[in-house]
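This report walks through one structure by topic. Please keep the sequence and the coordinates at hand.

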Amino acid sequence: MRNDDSIQEILRHYSDVDESSRLATGWFQLEQARTQELILRHLPPAPATIIDAGGGAGAYACWLAAMGYQVHLIDPVPKHVEQGRAASAQQPNHPLASAEVGDARSLPQSDATADAVLLLGPLYHLVEREDRLVCLREARRVLRPGGLVWGAGISRFASLFDSSSHGFFADHEFAPILARDLEEGQHRNSTGSPLYFTDAFFHKPDELSGELLAAGFQLVELVAIEGPCCLARDFDRWWNDPAQRERLLAIARRVEQEPSLLGASSHLMAIGRK
Ligand SMILES: C[S@@+](CC[C@H](N)C(=O)[O-])C[C@H]1O[C@@H](n2cnc3c(N)ncnc32)[C@H](O)[C@@H]1O
C-alpha cells in the first residue's frame with residue numbers, strides 16, 4: 001500500500017482540527033443532512049450491521065446506533081476513536097457495537113457479515129487509485145450479498161468553490177494548490193494552515209462511480225451531496241429558518257442527479273450494491 005506518507009500527514013492534520021464539531025457548523029450542516037438522507041434512502045431496517053470505516057468522531061455511527069443498528073466505528077486517528085467512544089457513552093441504551101483504531105483497507109470483520117459499509121472519508125484521503133480499490137474491495141468482502149456501500153468523494157472543483165466563497169483567491173499560497181487540484185485532483189497543503197485541509201484526492205463524478213464498478217459493485221446511484229446550494233450566500237440565515245432550510249434541501253434533491261451539475265458540489269456520493 002502506497003499511502004503511508006499521506007497517513008502521517010492526515011494524522012497531523014486531524015490533531016490540529018476538531019472533527020467532532022465540524023458537522024455542526026456552516027454549510028457542513030447541509031452536508032450532514034443530505035448525507036443522512038442518502039443513507040436512510042437505501043438502508044435496510046434496524047437491526048442490521050453497519051461498518052462506518054473512516055467514521056471520524058462518530059457523528060453518523062452514533063446517530064445510526066441510536067436508531068437500533070449494530071454499528072462498528074473504525075478510524076486511523078486515535079483521537080477520533082476516543083471521541084466516538086465518548087459520544088457512544090452518552091447514549092447508554094444504544095451504544096456503538098465497537099469503536100477501534102484501524103484502516104478501511106484492512107477491516108477486522110469476517111467475510112459477508114455486514115449489511116452496510118460507510119466510506120465517508122477514506123475514498124478522498126486515499127490518494128492512490130489502487131489504495132481506493134483495495135478499500136472498496138475490502139468493503140465488498142465484508143458485505144453480505146446484496147449489501148450496500150456508501151462512498152463519499154470530494155469534487156474535483158471543491159477548491160474552486162472554496163476560493164470563491166471563502167476568498168482563498170486572495171492568498172497567493174493557495175494558487176498552486178488550486179491549480180494542481182484542477183489539473184490532477186491531487187490536493188496537497190504545503191502551507192501548514194489547517195484551513196486548506198490535508199492530503200486528499202478530489203474526484204470527477206465518473207471517476208468515483210468508475211472505482212465502485214472496478215471494485216465489483218453494481219452502481220445504485222451517483223449523486224451530488226450538497227449541489228450548488230453549498231454556495232448559498234448567508235447560508236446560516238437560510239439554514240436557521242425551517243421553511244428556508246426545507247427549500248434548500250428540496251433544491252439540492254431536485255438537481256442531485258443532473259449530469260451537468262454533478263461536479264458542482266463540494267461532495268459526491270456513490271452508492272453501490274454487492
Ligand atoms: C473529514 S473526516 C469525515 C468523518 C465522517 N465520516 C464524516 O463524514 O463526517 C475523514 C475521516 O477519514 C478518516 N480516514 C482517512 N484515511 C482513512 C483510511 N485509510 N481508513 C479509514 N479512515 C480513514 C480520517 O481519519 C477522518 O476521520
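## Ligand site

A polar contact is a pair of N or O atoms within 3.5 Å; within protein, one atom must be able to donate a hydrogen and the other to accept it, and residues adjacent in sequence count only if both atoms are side-chain atoms. Ala104 uses a backbone N or O atom, 2.9 Å from a nitrogen atom of the ligand. Leu120 places a polar backbone atom 2.7 Å from a ligand nitrogen atom. The ligand alone exposes 600 Å², and the protein buries 98% of that. These areas follow the Shrake-Rupley method with a 1.4 Å probe; for residues, only the protein chains shown count as cover.

There are 20 residues around the ligand, and Gly54, Asp75, His80, Ala104 and Leu120 come nearest. A residue is near if one of its heavy atoms lies within 4 Å.

## Basis of the model

The model is predicted: local features need pLDDT of at least 70, side-chain atom pairs count only at pLDDT 80 or more, and totals for chains, interfaces and linings use all residues. Numbering starts from 1 along each chain as its sequence is written, and side-chain values use heavy atoms, with hydrogens and water left out.

## Backbone exceptions

Most residues other than glycine have a negative phi, and most peptide bonds are trans. The bond from Ala46 to Pro47 is cis, with omega near 0°. Pro47 sits in the loop between α3 (28-42) and β1 (49-53). Helices (H or I, at least four residues) and strands (E, at least two) are DSSP runs, numbered from the N terminus.

Ala112 is not a glycine, yet has a positive phi of about 55°. Its loop runs between β3 (98-101) and β4 (114-119). Phe197 also has a positive phi, about 65°, and lies in the loop between β6 (186-187) and β7 (200-203). Ala112 is partly exposed at 35% relative accessibility; Phe197 is partly exposed at 22%. Here buried means under 20% relative accessible area, exposed over 50%, and partly exposed in between (1.4 Å probe, protein chains only).

## Aromatic rings

There are seven aromatic pairs. Rings of Phe, Tyr and Trp (its six-membered ring) pair if their centres lie within 6.5 Å; planes under 30 degrees apart are stacked, over 60 edge-to-face, the rest tilted. Tyr60 and Trp63 are edge-to-face, with centres 6.4 Å apart and planes at 75°. They are three residues apart in helix α4 (residues 59-66), about one helical turn.

Phe168 and Tyr196 are also edge-to-face, at 4.8 Å and 70°. Phe168 lies in the loop between α8 (158-165) and α9 (174-184), and Tyr196 in the loop between β6 and β7, so the pair ties together parts 28 residues apart in sequence. Both are buried. Ring pairs link Phe168, Phe174 and Tyr196 into a cluster.

## Salt bridges

Side chains of opposite charge can pair when their charged atoms come close. A salt bridge puts a side-chain nitrogen of Lys or Arg within 4 Å of a carboxyl oxygen of Asp or Glu. The count is 22. Arg253 and Glu37 meet at 2.6 Å, N to O. This pair links distant parts of the chain: Arg253 in helix α12 (residues 242-254) and Glu37 in helix α3, 216 residues apart. Glu37 is buried at 18%, while Arg253 is partly exposed at 34%.
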